[in-house]
Amino acid sequence: MRAAVLTAFSQPLEIQNVDMPACPPDGVIVSIKACGVCRSDWHGWKGAHPAIKLPHIPGHELAGIIEEVGPNCTKFHVGQRVTAPFILSCGVCPDCTHGRATVCGHQHVIGFGNPGAFAEYLAVPRADFNLVPLPEEFSFIDAAGMGCRVTTAFRALVDRANIQPGEWLAVHGCGGVGLSAILIAKALGARIIGVDLNEDALAYARKLGAEHTINARDTTNVGEAIRDLTGGGANVSIEALGITPTFTNSIMGLAKLGRHVQVGLPVDEHAHVDLPLLDIIYMRQVSLMGMRGMAASGFPALFKLITEKHLDPGQLISGTIALDQASNVFVDMDNFAGSGIKVIDRF
Ligand SMILES: [Zn+2]
Ligand SMILES: [Zn+2]
């Protein structure tokens with residue numbers, strides 16, 4: 001099968017003919033019809049993701065059709081349209097059985113520790129617990145574009161921050177996950193401020209419902225600007241880049257009792273931050289929340305919100321590309337250029 005393979009960090013992916021994966025006894029083989037290109041893939045491409053060993057097939061925002069079913073997989077059949085979270089949890093440990101599958105200690109992570117979906121086929125083990133039937137009204141491209149980003153934004157806003165109508169949300173980093181957060185927060189009745197360095201991304205943010213945007217390149221004190229615009233600070237703030245300056249902007253822009261959700265993956269020098277413990281955490285009583293992925297069990301509520309509110313996840317997708325163009329998206333991410341989500345739909 002054809003696959004885009006990372007053979008050297010920060011270099012173009014190589015299109016190779018590789019062996020078809022074997023079907024796991026408890027899983028399926030998915031014929032991949034679409035796969036999103038995400039900033040987490042970019043972290044991997046740069047060599048900053050601890051789980052990635054070369055050579056490696058990236059890609060974790062997949063949608064496709066089941067090609068083969070293993071003997072111990074009982075809930076799925078050949079020909080079914082599916083998607084999957086990037087964290088495949090074990091399904092049997094206390095975390096998994098108590099609704100906390102994203103912190104399962106026995107994870108199979110698609111596109112990071114395990115092969116990904118920048119390929120014609122992907123083996124998905126543990127399918128009964130992790131695979132998600134894709135409703136007919138969602139195209140493969142929309143589902144892949146929703147991939148980790150819409151699901152992550154949804155869980156960050158609803159399950160973690162419990163955002164309420166009329167609350168102010170600040171989104172730091174208006175890439176795929178930031179724009180997804182804007183789309184969902186708007187539907188939930190929140191008021192939104194988008195922050196980015198890229199004017200195209202800010203224009204996208206306004207189109208999707210941001211009431212104000214701030215270009216952090218031209219603003220000396222982003223936290224203060226947010227507190228001014230909102231009359232005291234954002235109630236919820238999402239850090240969607242994983243870098244220290246945006247983390248600081250996020251917590252400094254929060255209102256008293258505000259909730260920061262760390263969505264961006266903080267690696268290298270960004271893995272540790274200075275925290276104004278007295279002023280922000282103690283006096284202003286701000287909460288810091290971690291956030292990584294959404295389990296398969298969260299998908300029905302997201303599908304329901306999208307259907308009921310007539311959201312169009314396709315609005316987040318700025319273009320489709322062929323398998324050999326994924327590296328170009330990484331180069332754009334390197335330069336904070338480009339906007340919206342790119343989806344591979346030609347393998
Ligand atoms: Zn588990
Ligand atoms: Zn992702």
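## Burial of V261

A residue is buried if 20 or more other C-beta atoms lie within 10 Å of its own C-beta atom, with these atoms placed from the backbone. The structure discussed here is a predicted model. V261 has 27 C-beta neighbours inside 10 Å and therefore counts as buried.

V261 belongs to strand β14, which covers residues 254-262. Leaving aside residues up to four places away in sequence, V261 touches A156, R160, A161, V236, I238, M289 and M291.

## Division into domains

The protein is assigned two domains: domain 1 consists of 2-148 + 294-346, and domain 2 consists of 150-290. Taken over C-alpha atoms, the centres of domain 1 and domain 2 are 26 Å apart.

## Contact between the domains

On the domain 1 side, 23 residues are in contact with 20 residues of domain 2. The elements that supply two or more residues to this side of domain 1 are α1 (39-46), α4 (140-160) and α10 (299-308). Of the elements, α1 gives the most, with 3 residues.

By residue class, the side of domain 1 that touches domain 2 comprises 14 nonpolar, 7 polar and 2 charged residues.

How values were computed
Residues are numbered from 1 along each chain as its sequence is written. Chains are lettered from A and ligands numbered from 1 in the order in which they are written. This is a predicted model: local features need pLDDT of at least 70, side-chain atom pairs count only at pLDDT 80 or more; totals for chains, interfaces and linings use all residues. Domain bounds come from an automatic or database domain assignment. Two residues are in contact if their C-beta atoms, placed from the backbone, lie within 7 Å. Helices (H or I, at least four residues) and strands (E, at least two) are DSSP runs, numbered from the N terminus. Ala, Val, Leu, Ile, Met, Phe, Trp, Tyr, Cys and Pro count as nonpolar, Asp, Glu, Lys and Arg as charged, and the others, Gly among them, as polar. A residue is buried if 20 or more other C-beta atoms lie within 10 Å of its own, exposed if 12 or fewer, and partly exposed in between; C-beta atoms are placed from the backbone.
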